[in-house]
Amino acid sequence: MYKLLIVDDEEMIRRLIAKYAEFEGYTVAEAADGMQAIQMCRQQAFDLMICDIMMPELDGFSACREIRKFSNIPIIMLSARGEEYDKINGFGLGIDDYVVKPFSPKELMLRVEAVLHRYHAAAAPQERDKASDQIFELEGLRVDLAARIVYVDGVRVELSPKEYDLLFYMLKNKNIALSREQLITQVWGYDYYGDDRTLDTHIKLLRKSLGPYAKFIVTLRGVGYRFDTGA
């Protein structure tokens, strides 16, 4: 049975989410602010966290940033704002999904199920690709696929889990035109309930991380993207 941590300063929202989560068979714990969420994550293990952004004591972004220092727990962010900046900031911290208030509790539960499915499927050893023991090198870009480490001109750069999954899939299919639908299905899962702007946001973040080697990620208008090695 999966255990969820619901973090929101509004008790009514916490109880609403908890009601639907418990109906779906999840065990639920609640936190009223970011500080309490950090303390709870240090003291016990959770399978997924649903976290609001605007909270007293410590906001959701700061809480997620701190939690990411010691835990890779899947995180779904809640916000009353849907600006691209907030989404980029959240995905840059390594969150797994972003839901704008007001939201449908039923849809939120579907997103929880989808994130948990992707997370545990990716963690299963049998799901590892045969190419995972390879080293990819091109100009000043070096990717250790087994260790999930990326170097740009000899300097290690930190990628979020989803940025790395996206880069890994594109490298595995380098020089092949990849449709937006294909990338979303393979990286986020066939049961992903978000929109394709999430893909664009992660491509933007990945390009920023790769610095001068962002040039290898080519946009194919009306189709999707291609990791182009020039071969």
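This note goes through helices, helix packing, salt bridges and backbone details of a predicted model.

1. Basis. The model is predicted, so local features are considered only at pLDDT of at least 70 and side-chain atom pairs only at pLDDT 80 or more, while totals for chains, interfaces and linings use all residues. Residues are numbered from 1 along each chain as its sequence is written, and side-chain values use heavy atoms, with hydrogens and water left out.

2. Helix 1. Helix 1 is followed by G25, which has a positive phi near 100°.

3. Helix 6. For residues 161-172, the 12 residues of helix 6 should span 16 Å at 1.5 Å a residue, and the 16 Å between its end C-alpha atoms agrees with that. Of the 12 residues, 9 are buried, so helix 6 is largely enclosed by the rest of the structure. The buried positions in helix 6 are K162, E163, Y164, L166, L167, F168, Y169, M170 and L171.

4. Helix packing. Helix 6 packs against helix 7 (residues 180-188) at an angle of about 120°, with the axes 10 Å apart; axes are lines fitted to C-alpha atoms, for helices over the stretch in contact, and angles run from 0 to 180 degrees between N-to-C directions. That angle makes helix 6 oblique to helix 7, given that angles under 35 degrees count as roughly parallel, over 145 as roughly antiparallel, 65 to 115 as roughly perpendicular and the rest as oblique. Helix 2 (residues 34-43) and helix 3 (residues 60-67) pack at about 20°, with their axes 9 Å apart, and are therefore roughly parallel to each other. The crossing of helix 6 and helix 7 is right-handed, and the crossing of helix 2 and helix 3 is right-handed; a crossing is left-handed if the near helix is turned anticlockwise from the far one by less than a right angle, and right-handed if clockwise.

5. Side chains of opposite charge can pair when their charged atoms come close. The structure holds 16 salt bridges, each defined as a side-chain nitrogen of Lys or Arg within 4 Å of a carboxyl oxygen of Asp or Glu. One of them joins the side chains of R148 and D165 at 3.0 Å, N to O. R148 lies in the loop between strand 7 (141-144) and strand 8 (149-152) and D165 in helix 6, so the pair ties together parts that are 17 residues apart in sequence. R148 counts as partly exposed at 42% relative accessibility, and D165 is partly exposed with a relative accessible area of 21%. D165 also forms a salt bridge with K162, with the closest N and O atoms 3.6 Å apart, and both residues lie in helix 6, 3 residues apart, about one turn of the helix. K162 counts as buried, at 9% relative accessibility.

6. Other salt bridges. R226 forms a salt bridge with D228, with the closest N and O atoms 3.1 Å apart. D228 counts as partly exposed, at 23% relative accessibility. Salt bridges that share partners join D8, D52 and K101 into one network.

7. Backbone details. The peptide bond from K101 to P102 is cis, with omega near -5°, and P102 sits in the loop between strand 5 (97-100) and helix 5 (105-123). E57 has a positive phi of about 70° although it is not a glycine; E57 is found in the loop between strand 3 (48-52) and helix 3 and is exposed, with a relative accessible area of 66%. E139, another residue other than glycine, has a positive phi near 55°; E139 is found in the loop between strand 6 (135-138) and strand 7 and is exposed, with a relative accessible area of 58%.

How values were computed:
Helix = DSSP H or I, 4+ residues; strand = E, 2+ residues; numbered from the N terminus. Expected span 1.5 Å × (residues − 1). Buried < 20%, exposed > 50% of the residue type's maximum accessible area, 1.4 Å probe, protein only.
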